[in-house]
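Please look through the sequence and the model shown here.

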Amino acid sequence: MIYSHEVERMCTVAKGPKHGPAPIPEEGKWVQALQITDISGLTHGVGWCAPQQGACKLTLNVKEGIIEEALVETIGCSGMTHSAAMAGEILTGKTILEALNTDLVCDAINTAMRELFLQIAYGRTQTAFSEGGLPIGAGLEDLGKGLRSQVGTIYSTSAKGVRYLDMAEGYILKLAIDSDDQVCGYQYIRTGKFLEDIRHGTTPEEALKKNTAVYGRWTAEDGAVKYIDPREQ
């Protein structure tokens, strides 16, 4: 340790009472975090790249400073999906400090990691007041049946109006239009379940019938007067 001449000439003054860090809520406990291993929690955050071309939603489950579970969801850029694959291999097993200072391939994923680090380090996690936190595997519950991200894709123009393309329920087949030419319902395929059924031996025709459903005012009795294909009409 090198001290300047001015500091070396100073007399020593004893330090007063020990004033540790303020305790933060972690998995149902109040913890004075002194080192990385004192940190636990599950949380989510969103990051974006510099041109804001795409975004990443990152979910981390941290136990005693170590990332034990990671869910990486990306949207908006084709290269980000491959970046997410690499980030998924990189993140688990690292401390949150290591992950913060590791290149996670895509700037949006790096930014998401930064945002999550702030939440976790300050005790603003989803499990801050949940005793014991959440088990490893809790991240999969965000995906639901079929293990697919919740995606909403909507396109619209002032000239021709709105087109629903993808919703949380799945891939949109048709839109129901009422007498005011407004969308009043839609027909969709439960995409994840549809593919799962085919994978387990169901014929495509049977799987399509089984996993096609409607939402909103779909029938003529409910006010629908016509139906349009959002990708063609």
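Val-162 counts as partly exposed because its relative accessibility is 29%, where buried means under 20% relative accessible area, exposed over 50% and partly exposed in between, with a 1.4 Å probe and protein chains only. This is a predicted model, in which local features need pLDDT of at least 70 and side-chain atom pairs count only at pLDDT 80 or more, while totals for chains, interfaces and linings use all residues. Residues are numbered from 1 along each chain as its sequence is written, and side-chain values use heavy atoms, with hydrogens and water left out.

Val-162 sits in strand E7, residues 161-167. Helices (H or I, at least four residues) and strands (E, at least two) are DSSP runs, numbered from the N terminus. Leaving aside neighbours within four places in sequence, Val-162 is in contact (heavy atoms within 4.5 Å) with Ile-154, Tyr-155, Ser-156, Leu-175 and Val-183. Gly-144 is 18 residues from Val-162 along the chain, and their C-alpha atoms are 27 Å apart.

The protein chain has 6 helices and 11 strands. Of its 233 residues, 33% count as buried. Its C-alpha atoms fill a box of roughly 90 × 40 × 30 Å, taken along the principal axes.

Where do nonpolar residues form a core? A nonpolar core is a set of buried Ala, Val, Leu, Ile, Met, Phe, Trp, Tyr and Cys residues joined through side-chain atoms within 4.5 Å. The largest nonpolar core has 24 residues, of which Leu-58, Leu-60, Leu-91, Ile-96, Ile-109 and Met-113 touch the most other members. Two or more residues each come from strand E4 (55-63), strand E5 (66-75), helix H2 (78-91), helix H3 (96-100) and helix H4 (107-121). H4 gives the largest share, 7 residues. Another core, of 7 residues, lies apart from this one and includes Ile-172, Ile-177, Tyr-186 and Ala-213.

H2 and H4 also pack against each other, at an angle of about 45 degrees and with their axes 9 Å apart. H2 is therefore oblique to H4. Axes are lines fitted to C-alpha atoms, for helices over the stretch in contact, and angles run from 0 to 180 degrees between N-to-C directions. Angles under 35 degrees count as roughly parallel, over 145 as roughly antiparallel, 65 to 115 as roughly perpendicular and the rest as oblique. From H2, Met-80, Ser-83, Ala-84, Ala-87 and Leu-91 meet Ala-108, Ile-109 and Met-113 in H4.
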